[in-house]
There are 2 protein chains.
Amino acid sequence: MKTQVSNLYASYPKFLLSVDCIVFGFKENKLFCLLIKRNFEPEIGKWSLVGGFLNENENLNQCASRVVFDLTGLDKIYLEQLETYSEINRDWADRVVSVSYFALINLELFEMPSNTNYTAKWFEINEIPELIFDHNKMINNSLQNIRSKIGKFPIAFSLLSERFSLPKLQNVYEAILSESLDKRNFRKNMLASGLIKKLEEKDKTSSKKGAYLYSFNQ
Amino acid sequence: MKTQVSNLYASYPKFLLSVDCIVFGFKENKLFCLLIKRNFEPEIGKWSLVGGFLNENENLNQCASRVVFDLTGLDKIYLEQLETYSEINRDWADRVVSVSYFALINLELFEMPSNTNYTAKWFEINEIPELIFDHNKMINNSLQNIRSKIGKFPIAFSLLSERFSLPKLQNVYEAILSESLDKRNFRKNMLASGLIKKLEEKDKTSSKKGAYLYSFNQ
DNA sequence: GCAAAAGTGTTGATTGTACACCCATGT
DNA sequence: ACATGGGTGTACAATCAACACTTTTGC
C-alpha cells in the first residue's frame, strides 16, 4: 500500500528530524541535567543535549527512548514530548527540525556507564554551560514545563527509587521549583492526595531517627 | 556556510513534515472547527483538518500561518503549537510527521472566502465527522489543551471582536468548557483579573436593555 | 405591562498559608 | 546529654461555589 501511492507527495521537500532530550536526574538533593560533549562536527567539543536523528523505522517516542538508552543504559524511563523547534538556521550544518523531550531518571543508585562513545556529564541545573544551537532555550522551556506540571501530575516520583521518604520527596519538589516548602503543608498535601502508601520500613541513611518509607500508588 | 558543511548529516533519513491546524471559531454562542474536504489523494472526498507541508524557506509557525491564511484570508491570528505526531503509518500514502497547531479566530463578522480551491466548512465542535488519519485525536487533544489553558491565559478574547460584552465572553467560556458558569462569579473573576476595560457603549443586539462593551487590555 | 436579558452581594465551604514544639536515636 | 533530622496541629486568610432579585427597555 505504502509504495503504491508514495509518489503522491513527491513534490514536497523532506527534512532531517531529530530529538533532543533534556534528561533530568536527582541526587544529593539537587537537580541535574545530562549533557554530552559533542565528538562530531559542527561545534565539536561543545556541550549539548542528548540527541539523535529519527530513523525510518521508529516514531519520535521510540527515537527518544533509544537515544537515552544508548547513553545511559536505562529503559522504561519517564519520557514526555515537549516542543518542536524549526527555525531555519537553528543547526548551522543543515536544516534540522528538532523535537524536544524531557526524561526523568533516578540517580540515587545510578552510575553513568563508561563504555559509551560519548563524554557525558551531569550538570547541576543552575550551572549549565553555554550549549550549542538553541539547547539552552530548550532546557529553560522544559524547566518551566516541569515546574508547572509537578503540582498537578505525579512526575516527581520518577526521579526517586520505588521506596522513598517524605523528606526526600520534598527535596525533589524543592529542587525542581527552586524554592523551599513548608514541611507540614507538604506532608498534608501528599498524604491527602492518596498518591503514596506508607510502608513499615524506615530510611536511616539521613537521620538517626529514620524517616518512614513510602511507595507510589500505581 | 550551510552548503560547506551540509554533508555532515548525509547518512540520516529525511522526512515529509506537515502542520495540521485545528482552527476554532465562535459564532451563535457555539464553538466551531474548520474542516476541509480533501480534493486530493489519499482519502479524497473525506474531511480533514486544515494542513499543509512545510517548505524549505519557512519555519513551522510560518507554515501554520500560511496554511490558515490560504484558506481563510486571515492573518495575524492567534496560533499555538501543540503536539507532534509521528506514528509510522499515520498517513497511508507516505511517512509524514505532522505538527499540530490550534488557531482561534473571530467568526462574528467573518464569511469564508469562496475563491479557494477547497471545500471548507465550519462544524460545530460536537458534530465533528470521522476524519482522515489521526485528525480526530488531534482535535480531542487540542480541546483538552485549550480547556486547561482558558482558565489561566487570556486566549478567549481571540475568538471575539475587539469590543465585546461580558455575556458574550461568558458564552465563549461556556462553549469551550461545555458547561454553564455562574453569571455573578464569572463577572467577578473577569473584572478582578484586570484583563478587560469597560467602555461607554452598549451592545444592543442581543437584549433590549443592552450590555456594556469591554475591551481586552493589551 | 410584560417578556427577555443585564446587572448586582452575601454567605458558607474549601483550600492555602503561616507558624513552633516534641520525638527518636546515634554518638 | 546533645545534636540532628522526623514528625505533628491550629488559626487565619484567601479563594471558590452556591444562590435570587431588581433593572432596563422594546414590543
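How many residues does the contact take from chain A and from chain B? The contact, defined by heavy atoms within 4.5 Å, takes 41 residues from chain A and 41 residues from chain B. The model is predicted, so local features need pLDDT of at least 70 and side-chain atom pairs count only at pLDDT 80 or more, while totals for chains, interfaces and linings use all residues. Residues are numbered from 1 along each chain as its sequence is written, chains are lettered from A and ligands numbered from 1 in the order in which they are written, and side-chain values use heavy atoms, with hydrogens and water left out.

We can begin with the interface between the two protein chains. The size of an interface is often given as the accessible area lost when the parts come together. Here, the area buried between chain A and chain B (accessible area, 1.4 Å probe, that two parts lose on being put together, summed over both) is about 3,800 Å², and carbon and sulfur atoms give 60% of it. On the side of chain A that touches chain B, helix 1 (2–5), strand 1 (14–27), strand 5 (78–85) and strand 6 (96–106) of chain A each supply at least two residues; helices (H or I, at least four residues) and strands (E, at least two) are DSSP runs numbered from the N terminus. The residues of this side divide into 21 nonpolar, eight polar and 12 charged, where Ala, Val, Leu, Ile, Met, Phe, Trp, Tyr, Cys and Pro count as nonpolar, Asp, Glu, Lys and Arg as charged, and the others, Gly among them, as polar.

Between chain A and chain B, 14 residue pairs are in polar contact, with both residues at pLDDT 80 or more. A polar contact is a pair of N or O atoms within 3.5 Å; within protein, one must be able to donate a hydrogen and the other to accept it, and residues adjacent in sequence count only if both atoms are side-chain atoms. Lys14(A) has Leu16(B) as its bridge partner in strand 1 of chain B.

The DNA strands come next. Around DNA strand D there are 19 residues, of which Lys183(A), Arg187(A), Lys188(A), Tyr212(A) and Lys209(B) come nearest; a residue is near a molecule or strand if one of its heavy atoms lies within 4 Å of it. By class, this surface has three nonpolar, four polar and 12 charged residues. Helix 5 of chain A gives the most to it, with four residues. Of the atoms of DNA strand D within 4 Å of the protein, 38% belong to sugar or phosphate and the rest to bases.

A polar side-chain atom of Arg187(B) lies 2.3 Å from a phosphate oxygen of DNA strand C, whereas the side chain of Lys188(B) places an N or O atom 3.1 Å from a base oxygen.

Helix 5 of chain B is capped at its N-terminal end by Asp182(B), with a side-chain oxygen 3.0 Å from the backbone nitrogen of Arg184(B). Gly194(B), with a positive phi near 75°, follows this helix.

Over all chains, the whole structure has 12 salt bridges. In one of them, the closest N and O atoms of Lys149(A) and Glu80(A) are 2.5 Å apart. Lys149(A) lies in helix 3 (residues 135–150) of chain A and Glu80(A) in strand 5 of chain A, so the pair ties together parts that are 69 residues apart in sequence.

How values were computed
Two strands pair if DSSP finds at least two bridges between them. A salt bridge is a side-chain nitrogen of Lys or Arg within 4 Å of a carboxyl oxygen of Asp or Glu.
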